[in-house]
Amino acid sequence: MRPSNVPHFPVTLTFRAALLLAALSLFALIGVSTIGVLHAQIPEPAYSESEAQGIDRMIMCPVCPAETIDQAQVQISMQMRQVVREMLAAGSDRDEILDFFVDRYGKDILAAPPKSGANLVAWLAPVVGVAAALAAVFLILRSMTRKEPILGPPRPLQDAGLIPYLQLVDRHLDMTRSSPSPSGTSGQSESTVELSGPEISTDPKENPEENV
Amino acid sequence: MADLGAISLWIALALATYSTIGSVAGKLRMSPALVDSAQSAMYAAGPALLVATLSLVVAFISRDFEIAYVAAHSDLAMPNKFTWVAFYAGNEGSLLYIATVLSIMSAIAIWRAPEKLKDALPYTTAVLMLTLTFFLAVTAVMANPFDKLPFVPIDGEGINPLLTHFGMFFHPPALMAGLIGITVPFAFATGALLSGKTGDEWVDAGRVWGIFSWVLLAAGLLLGSWWAYTILGWGGFWFWDPVENAAFMPWLGITAFVHSIMVQKRRGMFRMWNIVLINVSFGLALYGMFMNRGGSVPSVHSFGSSQLGWIFLMFMAIGVVVPFLIFIWRYPLLKSAQNLDSMLSREAAFLVNNMLLLAIAFVTLWGTVYPLISRLTNDEEITIARPFYDQVNGPLMLALVFLMGVGPLIPWRKAGIASLRKSLLPPITGGLLTVGVLATLGLHKEYALIGFGLSAFVTTGILMEWYRGTRSRHRSSGENYATAFLRLIMANRPRYGGYIVHLSVVMVTLGIVGTSFFSVQKDVVLAPGESVQVEDYELVYLGTQEEFKGNRTEFIATVQVLRDGERLETIRTKRDFYPSFNMAATTAAIRSTPVEDLYIVPSENLPDGSVGFRILVNPLIWWMWVAGPVMLVGTVVALWPQKIRVPAPVPSPRRIATGLRPSAD
């Protein structure tokens, strides 16, 4: 197994940024062919690859539309993935790495804005919106349950022609079920209604009208 | 061919314009003859557009490079089967496609419309034809696919290589048809409002066409994900890219609508709400089409920066504002026929479901526009991409899955505590048991546990319902279990079709949870003969073949897959380089099983013959693609006409005003 990351160099904190700049320009200069040399060496990374991938997924590729450096397979995003791994190997943590890229490319290099400052609005608006919508739904439902009937008597779930049939089905079910089913048709449970399907289609009173 | 196409395009535009004006004028002046002729004009627009469509197809097949659009999207090397894709590869052709689809849907919708809608049909026709007029005017004037070049090039520029994939034969046409399809239920609703028939007459037609556009959008989204998964070469399937979002939002709106419309169909309630939902969905569909052409946000999908942006924006503004003005005007007529009996009822559950769907749509819209807001107010450039949507929409989607399990188990009107406990006990047990077993097995990611638990919860609930229904049929009628089950489904198709669709949503959930939380990814560079271990798999890279094929170089890498020292398969994965586009298209090698996918894609070919591979193990994603056909089956069941009918309303004296078509009875 040969991961494509470079070996990590023992560096001090002071030299880290300088080293990274150098590394970036180095990669830009030498390009693809370098990797062929580098992958001959087998380094043992001092960080977990999934951690590195997590950071990759937070950083947008600067030249491709709407892709993170984890997704984009262009030169610059490969180099940036490399930088992420180098910094991790050098002991930086996630926030330091993200800050490094923000300093270089601006805040829009991040795949999502930080949850602080003015950008808190981006995160809070959905929360507030959902809470408000929940409250609205609750209030609407409450007001709907309290109103007096508006237009005439309540409508049964099925059309009136079916009622004798449904009562027949009810009697059948009473024989097979231990618990008696409700008496009225309007409060009927769904399962009772479902049983009535295909037989009803033979009802001579059936409306011939087509339904789109 | 160019002339024939252009002429039929203009004829269709004239027909659509006449039909719009004639319908409204005929209705207002009580002139059945005028309404009739306007309707005939609508029926004629479809064939005219089919002629235009065929002309363009013939122009592509004969490689008539004098036509600018043909020259820009095909070349001599292109196999003829890609004509289908090249047709909608650019603005001009895709607009023609949208117009043709709309004209055909309109004709079928009006032709099959139930008798009780007669009064409203002229307005419905007018709305459909006004939309068609807009699309045709834009096509004819600003993006005419039949425009000619001043000279005839020897060869065309060729088709975009990313489009030469099987998924591209279905993803764009399904999505575009779904987006424009929302116009049909919207037109029925608006027709009902304008004619003053604000009751439940339009509900059946609205529901059928709503479900139809729903399934087209869903299929388009799934196929797009599948395409991204197999060809874009990063192992995922969803970007949260602005254009994806633009197609996702109308789907959310129409999903809410097809649920909520059931409440009106069964109970005569939510009349205002359904109008609001279909208006919102139509507005979001227009937004989707706007984003696709000249939207301001960069995307992998955009049809290039086109001049059409502003005109679509204007149409969108009209399409959002006018329907809401009509709604406000007719507001007093939109009273519910019934009251809500209880907060603990299916009606209430549907309303909460609607709220969650709209909340997800709102979050998605917010994420799309917030960067713009930030730029304008803070003067700060920021990006909103996947991490935002994962964190905000993720929990909302889980809540939706939960509701999907609860809703169908709550009866209409009012749920008794005892019956609710009885019907919820099995699914809750199933869900908790799943969580318990998985946690014992060492799975400790909370969100994933919740996701799997909820999936089990929903599935148990559905299977329980099926079992109970089948058993009670079996006992009461003596049918054997298989017959009883089939008859049960056939007896209430909307309901059981819905259950099947819900199962497919559970499958999609499994795929999303599996890949979001348990995907393992590795980037390696391998020289021929080298191997790498990923999870249980050992992969040996055998070598790459290079083949020159006209417009591209194909690098075909052969990789042997072993598990526990046992040879599983030798797979080949391809990377095509197109020098004229300076673009590479990859085709991932995917060894797919219900448990997990092994996904291998070459990301670069190095000069020394070694290859940079991206290798992923994606658990459960198989379920996501299988969900597509399941969803289709469920939709067909739900839409299959059922012979139980609500009696037709007593004819009102006003229907005499028009003589739209011979009476059906």
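Student: What percentage of the 212 residues of chain A count as buried?

Tutor: A residue is buried if 20 or more other C-beta atoms lie within 10 Å of its own, exposed if 12 or fewer, and partly exposed in between, with C-beta atoms placed from the backbone. In chain A, 24% of the 212 residues count as buried. Please note that this is a predicted model, in which local features need pLDDT of at least 70 and side-chain atom pairs count only at pLDDT 80 or more, while totals for chains, interfaces and linings use all residues. Residues are numbered from 1 along each chain as its sequence is written, and chains are lettered from A and ligands numbered from 1 in the order in which they are written.

Student: How many helices and strands are there in chain A?

Tutor: Helices (H or I, at least four residues) and strands (E, at least two) are DSSP runs, numbered from the N terminus. Chain A has 9 helices and 0 strands.

Student: Is B:Tyr467 buried or partly exposed?

Tutor: B:Tyr467 is partly exposed, because 13 other C-beta atoms lie within 10 Å. This residue belongs to helix α16 (residues 446-477) of chain B.

Student: What order do the strands of the open sheet in chain B have?

Tutor: Strands of a sheet pair through backbone hydrogen bonds, either parallel or antiparallel. Two strands count as paired if DSSP finds at least two bridges between them. The open sheet of chain B has 4 strands in the order β1-β9-β8-β7, with antiparallel pairing. Its edge strands, each pairing on one side only, are β1 (520-526) and β7 (589-592) of chain B. Strands β8 (residues 596-605) and β9 (residues 611-619) of chain B pair over 9 bridges. B:Leu598 has B:Val617 in β9(B) as its bridge partner.

Student: Which residues make up domain 2 and domain 3 of chain B?

Tutor: Domain bounds come from an automatic or database domain assignment. For chain B, the assignment gives domain 2 as 165-336 + 346-394 and domain 3 as 395-518 + 632-639.

Student: How many residues of each are in contact?

Tutor: Two residues are in contact if their C-beta atoms, placed from the backbone, lie within 7 Å. Here 20 residues of domain 2 of chain B are in contact with 18 residues of domain 3 of chain B. On the domain 2 side, α13(B) gives the largest share, 11 residues.
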